[in-house]
Amino acid sequence: MILLVLMLKFRFDAFFALLITSFIVGILNSMGMLQILSSVLKGIGDTMGSIILILVFGAMLGKLIEESGAAHTITNRLTQIFGIKKIQYTILVVGFLVGLPMMYNASFLVLIPLIYTFSKTTKLPLMYLGIPLSATLSIAHAYLPPHPAPTYVSFVYGADINQVLLFGLVPVIPACLIAGILLSKFFRKIDVQPPAELFEGKEFKKEELPGFGRSVLATLTPVILMLFGATIDLVFGKDADYNKLVAESVSNETLALVFSSLLELFKFLSDANVALLMAVFAGIYFLGIKQGRKMDEVMKSLGKATSSIAMIVLIIAAGGAFKQVLTDSGVANYIEELTTGVEFNPLILAWCVAAVIRLAIGSATVATMTAAGIMLPIVGSTGVSPELMVLATGSGSLMFSHFNDIGFWMFKEYYNVSIKQTFAIWTVMESLVAIVGLLAALLLSLFI
């Protein structure tokens, strides 16, 4: 409510409104001023430490894809294959495949230039194309390993991660159709254009465009690299001692050393920050140098890309500060006390706990992990399928997205919509994905 008043009545920018609200919330929860300041700085530091390179490298890669015409090449080829009438389904498939191994923010930043270009070249409304993209990325983020939250919760609940993936695939299609295709039909007439500082429409001659192979390689480099890491985690386990594991299975010391070194290298390259950096390097070469551009020109373009996301970075940082103050002020502990001793269907209870924490804290990942800790005793005592508990918990973590969610602000800024429209589209879309996931878990529980 404080945020709403500051932004809607007093017209504060989101960055200042979030910072002011952080201090007000801290004061109302009896935090000292220095304690609030420490919490704000910690929230900004933690948020930026985990996301700043992803934001910057994603923006750089997006600028390279945009300016080189790679997005046009991919757009043209996909529309030739699938046709304009099925363009939304193309976006769903591409978004799901790219979003499966990548964090939401990284995959969104990689693909948003394609959505801008699809909208420009096909003359279709931005929301008609953007909603399916955001929906499919959220679905992959909440339902499925190897995303951090579902993977972590699988181990907390003692679930079989392969079954988690299998059960998580069940609601994917209905969630995509409802939250991606159906919802977009209600907002396709909204007249919004990409922010001028993030996308500049440019016409290309056919001979100026990079080849389809180069374009796809540059775009999918982070996906390919991160898939290596996901595969290694599934085979060997997360944070495994590769030297020890390889030594136990390979008798030749030289081969064991080479094999373990390769595993370490692929794990390093599969980190989202490193994978996007490698993608930028690939883009510089394939979409810059190989296209006849000079290095100075390419570097200037990357500088423009970085400066264009400055305000978005500040807003996301302030959102991190707000989330940290909510956490440090005891909101999560209060929620935990409220849910203690409640008798309810464990799937519905896990969903509700995650949803309430998401409402209070904003981060879907934090909501999933926190809810798992609260629900763990219930999993053991009720005999409920731990795999379905993972799906229910992850689904609940998408409910009630609002001001304290980084994704909320990214959707608003990149699609250039108002706060009211963001609530009507993003918050509703996230809630639909959450509800479909819960219904799927309840349906599957009848047979498992």
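**Contacts, core and a pocket**

Residues 24 or more positions apart make up 80% of the chain's contacts with a separation of 6 or more, a contact being heavy atoms within 4.5 Å. This is a predicted model, where local features need pLDDT of at least 70, side-chain atom pairs count only at pLDDT 80 or more, and totals for chains, interfaces and linings use all residues. Numbering runs from 1 along each chain as its sequence is written, and side-chain values use heavy atoms, without hydrogens and water.

The chain has 22 helices and zero strands, taken as DSSP runs (H or I, at least four residues; E, at least two) numbered from the N terminus. Of its 448 residues, 56% are buried, that is, under 20% relative accessible area with a 1.4 Å probe, protein chains only.

Now the core. The largest nonpolar core holds 137 residues, and Phe-108, Ile-115, Met-127, Tyr-143, Tyr-414 and Tyr-415 touch the most other members. Helix α3 (residues 33-68) gives the largest share of this core, 13 residues. Such a core is a set of buried Ala, Val, Leu, Ile, Met, Phe, Trp, Tyr and Cys residues joined through side-chain atoms within 4.5 Å.

Last, what lines the second largest pocket? There are 15 lining residues, with Leu-78, Val-94, Leu-97, Val-216 and Leu-220 nearest the centre. α4 (70-82), α5 (87-99), α6 (104-122) and α11 (212-236) each give two or more residues to this lining. On a 1 Å grid over the protein atoms alone, a pocket is an open set of points where a 1.4 Å probe fits, with protein on both sides within 12 Å along at least five of seven lines; lining residues have an atom within 4 Å of a point.

Definitions and conventions
Buried means under 20% relative accessible area, exposed over 50%, partly exposed in between (1.4 Å probe, protein chains only).
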